[in-house]
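Please read the following points with the sequence and the model open side by side. They are set out as a colleague's note and may be taken one at a time.

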Amino acid sequence: MVPIQMVDLKRQYTKIKSQVDAAIGEVLESTAFINGGAVQQFAGALQSYLGAKHVIPCANGTDALQIAMMALGLQPGDEVITPSFTFIATAEVIALLHLKPVFVDVDPKTYCLDVAAVEKAITPKTKAIVPVHLYGHVADMEPLMALAAKHNLFVVEDNAQAIGADYTFADGTKKKAGTIGHIGCTSFFPSKNLGCYGDGGAIFTNDDAIAAQLRMVANHGQSARYYHDVVGCNSRLDSVQAAVLNIKLPLLDEYISARRAVADAYDAAFADVPQITTPYRAANSYHVFHQYTLQIDGADRNELQQYLSTKGVPAMIYYPVPGHRQKMFEHFGGASFNLPVTDNLTTKVISLPIHTEMDADQLEHIIQSVKSFLNNTPA
Ligand SMILES: *Cc1c(COP(=O)(O)O)cnc(C)c1O
């Protein structure tokens with residue numbers, strides 16, 4: 001059996017090696033390393049794929065979030081509501097800009113922002129909400145957008161884990177995750193569902209004025225060459241990364257199907273295991289399974305992780321410490337935030353390998369390893 005990895009980038013690359021190598025070779029020959037044709041081509045292709053009016057490529061997903069907050073003109077002390085159960089970058093950029101992260105709990109089924117909890121956290125200082133489409137499941141955007149409209153708040157989607165996911169509105173309309181809020185942000189970190197071979201990111205919006213502001217902020221606040229209107233930053237997707245993404249974007253739907261097939265196999269195998277809660281799929285969210293995350297009850301997930309590693313099965317805890325319990329955010333209230341669902345999840349979740357190259361024998365080995373540990377642990 002081929003050794004199992006959380007994400008098998010080597011085997012994925014092997015399948016597209018000739019196209020990728022040729023595309024990178026073209027960039028090298030052109031020497032248009034920054035803002036070359038590959039970057040323009042990719043921005044256009046992603047725009048059509050997402051059905052977004054504007055796509056602004058940038059250097060990474062963290063920058064995408066930071067540029068989004070900067071472009072909205074938020075002022076120091078403004079409050080931004082965000083989940084605590086997410087990767088650190090989401091709240092880190094809020095604090096970096098001297099805004100105040102206000103952590104709210106997540107829905108116990110979807111692990112995404114609990115809209116009722118968001119409503120309770122709104123104060124006169126609240127200016128924005130940052131939902132995270134965690135593990136590839138889209139947050140419940142329709143009621144969230146209605147709430148934001150009612151209180152005149154911006155919504156910035158952290159779509160680093162859910163590129164390609166669809167959200168279905170009550171009237172049947174479908175939109176891609178990241179194109180529903182005022183701004184959507186994503187990451188092309190290699191292990192993401194659409195990953196490049198280094199760092200990369202992008203920002204989406206359907207609003208022309210916001211797009212202009214995003215472009216300006218990402219390019220030193222420049223409105224015309226050497227005329228700088230606002231303090232910005234320098235954040236670019238380089239042409240080599242765009243060349244890789246140009247090969248991989250047309251394969252994204254195939255990659256998503258491959259991930260969903262792995263998720264379906266895990267779901268079926270674990271359906272009758274009493275200690276396991278398999279990932280929930282809300283009817284309005286087309287889950288793209290950036291992670292396949294189990295909730296373990298009546299057994300120790302850390303012991304399960306250790307046992308799996310002795311069987312050659314990697315597994316990860318995303319995330320062991322929620323934002324509100326991180327030292328960096330202590331002065332924002334820290335553990336005084338009452339987030340029971342988040343606290344509970346951080347002790348129970350474990351993510352199994354999921355990627356585009358999983359074989360049937362690897363899958364079977366992972367499933368049997370998980371089951372053999374739990375069968376020997378009384379529920
Ligand atoms: C990966 C990730 C980011 C940051 O992306 P980078 O490209 O690594 O900066 C932000 N938010 C979430 C939820 C992520 O998973």
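1. In this predicted model, I34 is partly exposed, its relative accessible area being 46%. The residue sits in the loop that runs between helix 1 (9-30) and helix 2 (37-50). Together with L28 and F33, I34 makes up a nonpolar patch on the surface, and the accessible area of these residues together is about 280 Å².

2. Which residues of helix 1 are separated by about one helical turn? They are D21 and K17, which lie 4 residues apart in that helix. Their side chains meet in a salt bridge, with a distance of 2.8 Å from N to O. D21 is partly exposed at 31% relative accessibility, and K17 is also partly exposed, at 39%.

3. The structure holds 12 salt bridges. In general terms, side chains of opposite charge can pair when their charged atoms come close.

4. D264 has a relative accessible area of 40% and is partly exposed; R281, at 27%, is partly exposed.

5. R281 also forms a salt bridge with D267, the closest N and O atoms being 2.9 Å apart. Is D267 buried or exposed? D267 is buried, because its relative accessible area of 18% falls under the 20% cut-off.

6. The model contains 3 cavities of 30 Å³ or more, and the largest cavity holds about 80 Å³ of space. It is lined by 14 residues, of which V7, L9, Q12, R259 and T356 are the closest to its centre. Helix 1 and helix 9 (252-270) are the elements that each give two or more residues to this lining. By class, the lining has 4 nonpolar, 5 polar and 5 charged residues.

7. The largest pocket holds about 520 Å³ of space. Of its 30 lining residues, the closest to the centre are F87, Q161, F189, K192 and H290. Helix 3 (61-71), helix 4 (89-96) and strand 8 (183-187) each supply two or more of the lining residues. The lining divides into 14 nonpolar, 12 polar and 4 charged residues.

Note on methods. Residues numbered from 1 in each chain as written. Predicted model: local features only at pLDDT ≥ 70, side-chain atom pairs only at ≥ 80, totals over all residues. Heavy atoms only, no water. Patch = residues over 30% accessible without salt bridge, like charges linked within 9 Å, V, L, I, M, F, W, Y side chains within 5 Å. Areas by Shrake-Rupley, 256 points an atom, 1.4 Å probe, with all protein chains shown as cover. Salt bridge = Lys/Arg side-chain N within 4 Å of Asp/Glu carboxyl O. Buried < 20%, exposed > 50% of the residue type's maximum accessible area, 1.4 Å probe, protein only. 1 Å grid on protein atoms, 1.4 Å probe; cavity = no way out; pocket = protein on both sides within 12 Å on 5 of 7 lines; lining within 4 Å. Points joined across faces, edges and corners; volume = space filled by probe spheres on them. Nonpolar A, V, L, I, M, F, W, Y, C, P; charged D, E, K, R; others polar.
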